[in-house]
Amino acid sequence: MRNYLAAVWKCRHFWLSLVRMDLSTRYRRSVLGLGWSLLQPLAMTATICLALYVLTGRSVRETAAYVMSGLVTWNYLLSCALHGCRCLHGGESYIRQYPAPLAIYPLRTALGAMVHFLIALGVVVVLTWILNGSLANLPALATLPLSLVALLLLGWAIALLAGFANVFFQDTQHLCEIGMQLLFYATPILYEVQLLEARGLGWLARANPVFSVLELVRQPIRDGAAPSAFTLLAAGATVLAAVGAAALTLARHERRLIFRL
C-alpha cells in the first residue's frame, strides 16, 4: 500500500492537471464560475427553511445552519458517487496510453468535488456566524481539517468503488442515482435527528453511516463543539470500511480492468 500511494504521489502533477482541466472546462464562459456551486445548496436551504417556518413555525436562525451544512456535505458525497461512476470510462484514453495507478482517476473526481465543497463550507461558516451573531464556534473549527481529510479519503474510496462497479456492470450509475436518493431521505439532512428520537427511531440515524459523517461537519459549525466520541468512532469506522473495500478492489481487479473498458 505504501508503494502504491508513493506511485500515486509521483503522478501528482498529472492528476492535479486533470482536476484543473475539469474545473476550467465545467465553468468555461460562465459568468459566475465556481459561484454556481453555491446556488443549489443556497436555493434549497432557503426553500426548506421557508417550508419549515410555514409548517412548524421554526425560524431561519434555528434551521439554516443545520440544513445547509448537511446539504453541502451530502452534495460532496453524492458528487463522488455519481461522477465516480464515470471516472474510469472518462479516463480511458489516458489509461490506455499512460501506465499510472488507476486510483488517480477516482482521486481526480474526489478532489474536484472537494473544491466545490470547501467553497460552500466557507459560506456555511459565514452564514452561521451571521445568524448566531458571534464567533462562539471558532475554537471548534480547529477540528475541521482532520474531518476534511477523512471526507476526502471517503470520497476517494466511494468514487473508486463506483468507478470499478460501473465498468463491470454498466447499470451501476442508474442504480446509484436511485439508491442515493433513497438514502438522502433516510438521513437526517432536511429534518433533525430529534424527530426520529421522539418516535423511538433514533437508532435509524445512529445505524446510518452517512449521519456520523455529516456530524463531523455539523457539530463544530452548528453546535460550536468538537465532534463527540460516538461521532468520531462511527465516522472513523465508515471511512476505514470504505478505504478497505477500495484497497481490496484495487488489489483484485486493477490489472484486468483494461480488458473491461
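Predicted model: local features only at pLDDT ≥ 70, side-chain atom pairs only at ≥ 80, totals over all residues.
Local features here need pLDDT of at least 70 and side-chain atom pairs count only at pLDDT 80 or more, while totals for chains, interfaces and linings use all residues. Residues are numbered from 1 along each chain as its sequence is written, and side-chain values use heavy atoms, with hydrogens and water left out.

**View 1. The largest pocket, about 730 Å³ in volume.** A pocket is an open set of points on a 1 Å grid over the protein atoms alone, where a 1.4 Å probe fits, with protein on both sides within 12 Å along at least five of seven lines; lining residues have an atom within 4 Å of a point. Volume is the space filled by probe spheres set on the points, which are joined across faces, edges and corners. Here 28 residues make up the lining, and Arg26, Ser79, His83, Ala113 and His116 sit nearest the centre. Helices H2 (12–26), H3 (36–56), H4 (60–84), H5 (87–90) and H7 (104–132) each give two or more residues. Helices are DSSP runs (H or I, at least four residues), numbered from the N terminus.

**View 2. The second largest pocket, with about 350 Å³ of space.** Its lining counts 16 residues, and nearest the centre you'll find Ala81, Ile158, Met180, Leu183 and Val210. H4 turns up here too, along with H8 (144–168), H9 (172–186), H12 (209–223) and H13 (229–253), each giving two or more residues. The lining has 14 nonpolar residues, two polar and no charged ones. Nonpolar covers Ala, Val, Leu, Ile, Met, Phe, Trp, Tyr, Cys and Pro; charged covers Asp, Glu, Lys and Arg; the others, Gly among them, are polar.

**View 3. Helix H12 and its kink at valine 217.** The bend is about 35° and comes shortly before proline 220; it is the angle between axes fitted to the seven residues ending there and the seven starting there. Twelve of the 15 residues in H12 are buried (under 20% relative accessible area, 1.4 Å probe, protein chains only). Among them are Val210, Glu215, Arg218 and Pro220.

**View 4. Cysteines in a structure with zero disulfides.** A disulfide would take a pair of cysteine sulfur atoms within 2.5 Å. The sulfur of cysteine 176 is 4.5 Å from its closest cysteine sulfur, in cysteine 85, so it's too far for a bond. For cysteine 11, the closest cysteine sulfur is in cysteine 87, 16 Å off, again too far. Cysteine 11 is buried at 9% relative accessible area, and cysteine 176 is buried at 17%.

Terms used: Buried < 20%, exposed > 50% of the residue type's maximum accessible area, 1.4 Å probe, protein only.
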